[in-house]
Amino acid sequence: MGEIMRNLIALSLVFSFGLFADDHADEPEYKPSKAEYYVSVFKKGKDMDDMMAWAEKWAKWASEGEAGEAFADYSLAISIDEKNPTNFNYRGYAYNELNNFNLSIIDFSNCIKIDSTYSNCYSNRADAYFALEDYENALNDYSKVIELQPEDPDNLILRSDCYVALEDYDNALIDLSKAIVLSSAENKAIYLNNRADFYKANDELELALIDYAAVIEVSKVDTFNKARAINNRALIFRDQGNHKKVVNEQTYIIDNFSDALNDEDLALALRNRADAYF
């Protein structure tokens, strides 16, 4: 397709407030999470004292009460049946759920040592690497999952996110397109929306409009993705100065999806339509 402009936003775009995206909304202020402290992904506003305090709290929590009993059981299962890769996978998944990605990677790696074809372990380890922003290793693991499960489009979407993080947009687009071909009827609208968002973020507006139209066509009962596509298409029309089409799109949303909208989304749709009259 040629070199794509380097201004891609996240592929799995959802509407910023519930259902809709507002291109003119202010950027939310960054608020660091305790989970990020624990995995040592340092950003502005963090320090070592914060991370160590959170690590101590996590270690205490994981060794006491129900959590402590759960991890004791996982560990006992491993000691009894250490050749069973599923035991490592389950404990590793629990670590993932608690944002303790460093320990989860150790468990998933042990699982893979026992069974190098255990696709779920590769996928879970890739999730951990991605959370740690180790995109190269995440990419390698998702590629292994795709090798083991070539007909599963979800893995292609996950690998495309890695390509985006690594700024390899051409391969990201290839994976997105493959996922659409492999997707079931019920998921096709989701993947088409993702690719349309990809095109829109890179100013490939005609291609984005084609995909949004395809989403609307295939979304017979999927009202969320249909409304999402109509709204994002309206944003393109707005930027192109086609105010009549914006009015038509927002009117369709208001008339057909008002029951599914929260008050903020409905107000946004009304405001977008009002803006289009000027």
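Helix 10 (residues 185-201) and helix 11 (residues 205-218) pack at an angle of about 165°, and their axes are 8 Å apart. The model is predicted: local features need pLDDT of at least 70, side-chain atom pairs count only at pLDDT 80 or more, and totals for chains, interfaces and linings use all residues. Residues are numbered from 1 along each chain as its sequence is written, and side-chain values use heavy atoms, with hydrogens and water left out.

Helices here are DSSP runs of H or I with at least four residues, strands are runs of E with at least two, and both are numbered from the N terminus. Axes are lines fitted to C-alpha atoms, for helices over the stretch in contact, and angles run from 0 to 180 degrees between N-to-C directions. The crossing of helix 10 and helix 11 is left-handed, meaning that the near helix is turned anticlockwise from the far one by less than a right angle; clockwise would be right-handed.

On the side of helix 10 the contact (heavy atoms within 4.5 Å) is made by A189, L192, N193, R195, A196, D197, Y199 and K200, and on the side of helix 11 by L205, L207, A208, D211, Y212, A214, V215 and V218. These residues divide into eleven nonpolar, one polar and four charged. In this scheme Ala, Val, Leu, Ile, Met, Phe, Trp, Tyr, Cys and Pro are nonpolar, Asp, Glu, Lys and Arg are charged, and the others, Gly among them, are polar.

N193 lies in helix 10. N193 counts as buried because its relative accessibility is 0%; buried means under 20% relative accessible area, exposed over 50%, and partly exposed in between, with a 1.4 Å probe and protein chains only. Leaving aside residues up to four places away in sequence, N193 touches Y212, V215, N225, R228 and A229.

Helix 5 contributes F101, S104, I105, F108, S109, C111 and I112 to the contact, and helix 6 contributes C121, Y122, N124, R125, A128, Y129 and A131. Ten of the residues in this contact are nonpolar, three polar and one charged.

One disulfide is counted, a disulfide being a pair of cysteine sulfur atoms within 2.5 Å. The disulfide joins C111 to C121, with an S to S distance of 2.2 Å. The link is right-handed, with 100° about the S-S bond. C111 is in helix 5 (residues 101-114) and C121 in helix 6 (residues 119-131), ten residues apart.

| Residue | Relative accessibility | Class |
|---|---|---|
| C111 | 0% | buried |
| C121 | 0% | buried |
| C162 | 0% | buried |

For the chain as a whole, there are 14 helices and zero strands. Of its 278 residues, 43% count as buried. Among contacts with a separation of 6 or more, 52% are between residues 24 or more positions apart.
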